Number of protein chains: 2
Amino acid sequence: MADVQFKSGKSLLVVGSLAFDCIETPNGSVDDALGGSATYFSYAASFFLAPRLVSVVGADFPQQHRELLARRGVDLAGLQTKSGKTFRWKGRYHQDMNTRDTIEVHLNVLSDFDPKVPEPFRDSSYIFLANSTPAVQLNVLDQVRQPEAVWADTMDLWITTQSQELLQLLPRLDGLFLNDSEAHLLTGESNLVRAGRAVLSLGPKYVILKKGEHGALLFSKKGIWTLPAFPTEQVVDPTGAGDTFAGGILGYLSTVKDDSLAHIRRAMAYGTVIASFTVEDFSLKRLLALDREEIENRLEIYRAMLGF
Amino acid sequence: MADVQFKSGKSLLVVGSLAFDCIETPNGSVDDALGGSATYFSYAASFFLAPRLVSVVGADFPQQHRELLARRGVDLAGLQTKSGKTFRWKGRYHQDMNTRDTIEVHLNVLSDFDPKVPEPFRDSSYIFLANSTPAVQLNVLDQVRQPEAVWADTMDLWITTQSQELLQLLPRLDGLFLNDSEAHLLTGESNLVRAGRAVLSLGPKYVILKKGEHGALLFSKKGIWTLPAFPTEQVVDPTGAGDTFAGGILGYLSTVKDDSLAHIRRAMAYGTVIASFTVEDFSLKRLLALDREEIENRLEIYRAMLGF
């Protein structure tokens, strides 16, 4: 815990999934590995502060996984345990590692997830609504009190099936993460810059458009910023890259005074670097061996790459 | 000509095609527009110095196109005019503007192109071998005397059909441009970082791996650098983006003392910015309205985007 810093007195709440992942890649596979959006997000954020987690698991969720998160300072007071099984996902990555097929999804206890934000979590400064139905995300927002900023992730399924709820959510967000194909789906724009601007017009103050191995674009009313991914030859398992990208961003933002553009850009650099570690091994393996110093070292290499 | 600078006393020779392009995009089309790798390259380079051009056209090539290049200071002493028709290319871009189909190719006078480098061009400091057969590229190299640096472009067709000649060429290059799919084809590596390193091991001192709207990666024995494309919502016609990227790079390099990594990275930023203008209109239209001041202004916006 020596490398976890508590500087700002701010707090960060994440609501999302804990999961068992079965992952096949051209280089190997893992079964029943610890995964889930809230797992990856909170682990990444834990390099900056001790995040608060709201999620649900089944009776099959082992104590060692709780301990893994607790050792990082993650506050598990909002983790419900229900009878039944934990959410399971099975995916297979294609040869290029940029695309994947979902082979199996078993929502299990997540299917009727009704998140309860514990009273001590309701004053959290920053809220991250990891990918779940817009209805669940709105439900969480109705439980928290005047957060400084609310960010959310979404996915193609909700854009297609719950667009009304999603359009209600967007004006209540400070920031939205979505990937290039989702931005296209939501706006009908094939040009990414136009698509990002169109998402911005739906309400969020910031939009971060994720392009996987090609980096990300940031949109605000003040302009557009672009950052490439950190180039790495060691791509073992891309699972969790997007959630650790978000976790690094919100984690860093929670340590600084405000969410000014300058801070968001630095936050994106931290998120990029942490995501580049995530993909270097299966599940959380690479993150388990990571410390803040290694993050700072890669951040400096990344900064030097972008200077000209 | 007021914005063309001659600082270093160095010279830059390009050997490549002049063409008539017929281009269809989701937003419109043009017929018989001035195109070709050497056209785009030399126009982009002309913002930095007066490049020398070796190419071939047919009797149908109009005087006005020669004048357009000559007004930019392009030395046309190496432009052969043959009986017959100029090279023609017809292409159609897909909705996302990142991919295209070649509909027609008429090599015409280019089919038996035997480049003759005029005596006064043989001492050129920098040589750019635009995309043509590796045999033609080797032929040019045998005509020049101790250039400071030789860069080349290639394409999937030569990787597939003339790999022996290409493998002879690579060790004679200081720099090679190729796109992501070509790097994969040449090396069998699907990870771009591994692919770039593998190309480097085939001989060039620098490899620049182009990813279209996602930017480019630079490989050298000293490391890897990444730059995103300049994000633009005005993508009318991507034709020539790669050649003007190269033209900006070699043009800038020809104005500085050496091809150190720091200079190459700044050169890539110039190339990125000029390419971002190229795609904003059909053929050379946007470039015709461009001046060095506008390039410098966008370069500063781009630099600010990448700081964190």
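## A buried serine

A residue counts as buried when its relative accessible area is under 20%. Keep that cut-off in mind as we look around this predicted model. Let us start with Ser132(A), which has a relative accessible area of 18% and is therefore buried.

Where does Ser132(A) sit in chain A? You will find Ser132(A) in the loop between strand E8 (126-129) and helix H3 (134-141) of chain A. Leaving aside residues up to four places away in sequence, Ser132(A) touches Gln137(A) and Trp158(A).

## Aromatic rings in chain A

Now for the rings. A pair of aromatic rings is described by the distance of the centres and the angle of the planes. Searching the whole structure gives 24 aromatic pairs over all chains. In one of them, Trp151(A) and Phe177(A) are tilted, with 5.4 Å from centre to centre and 45° between the planes. This pair links distant parts of the chain: Trp151(A) belongs to strand E9 (residues 149-153) and Phe177(A) to strand E10 (residues 175-179), and the two residues are 26 residues apart. Are these two residues buried or exposed? Trp151(A) has 0% relative accessibility, so Trp151(A) counts as buried. Phe177(A) has a relative accessible area of 1%, so Phe177(A) is buried too.

Trp151(A) also pairs with Tyr206(A), and here the rings are stacked, 6.0 Å centre to centre with 15° between the planes. Again distant parts of the chain are linked, since Trp151(A) lies in strand E9 while Tyr206(A) lies in strand E11 (residues 206-210), 55 residues apart. Tyr206(A) is buried because its relative accessible area is 5%. Stepping back, ring pairs join Phe41(A), Phe128(A), Trp151(A), Phe177(A), Tyr206(A) and Phe245(A) into a cluster.

## Two helices crossing in chain B

Let us move to chain B. Helix H1 (residues 37-45) of chain B and helix H8 (residues 241-253) of chain B have axes that come within 7 Å and cross at roughly 40°. How are H1(B) and H8(B) oriented to each other? With that crossing angle, H1(B) and H8(B) are oblique to each other. The crossing of H1(B) past H8(B) is right-handed.

Which residues make the contact? On the H1(B) side they are Ser37(B), Tyr40(B), Phe41(B), Ala44(B) and Ala45(B). These meet Asp243(B), Thr244(B), Ala246(B), Gly247(B), Gly248(B), Leu250(B) and Gly251(B) in H8(B). Sorted by class, the contact of H1(B) with H8(B) holds six nonpolar, five polar and one charged residues.

How values were computed. Residues are numbered from 1 along each chain as its sequence is written. Chains are lettered from A and ligands numbered from 1 in the order in which they are written. This is a predicted model: local features need pLDDT of at least 70, side-chain atom pairs count only at pLDDT 80 or more; totals for chains, interfaces and linings use all residues. Side-chain values use heavy atoms; hydrogens and water are left out. Axes are lines fitted to C-alpha atoms, for helices over the stretch in contact, and angles run from 0 to 180 degrees between N-to-C directions. Helices (H or I, at least four residues) and strands (E, at least two) are DSSP runs, numbered from the N terminus. Angles under 35 degrees count as roughly parallel, over 145 as roughly antiparallel, 65 to 115 as roughly perpendicular and the rest as oblique. A crossing is left-handed if the near helix is turned anticlockwise from the far one by less than a right angle, and right-handed if clockwise. Contact means heavy atoms within 4.5 Å. Ala, Val, Leu, Ile, Met, Phe, Trp, Tyr, Cys and Pro count as nonpolar, Asp, Glu, Lys and Arg as charged, and the others, Gly among them, as polar. Rings of Phe, Tyr and Trp (its six-membered ring) pair if their centres lie within 6.5 Å; planes under 30 degrees apart count as stacked, over 60 as edge-to-face and the rest as tilted. Buried means under 20% relative accessible area, exposed over 50%, partly exposed in between (1.4 Å probe, protein chains only).
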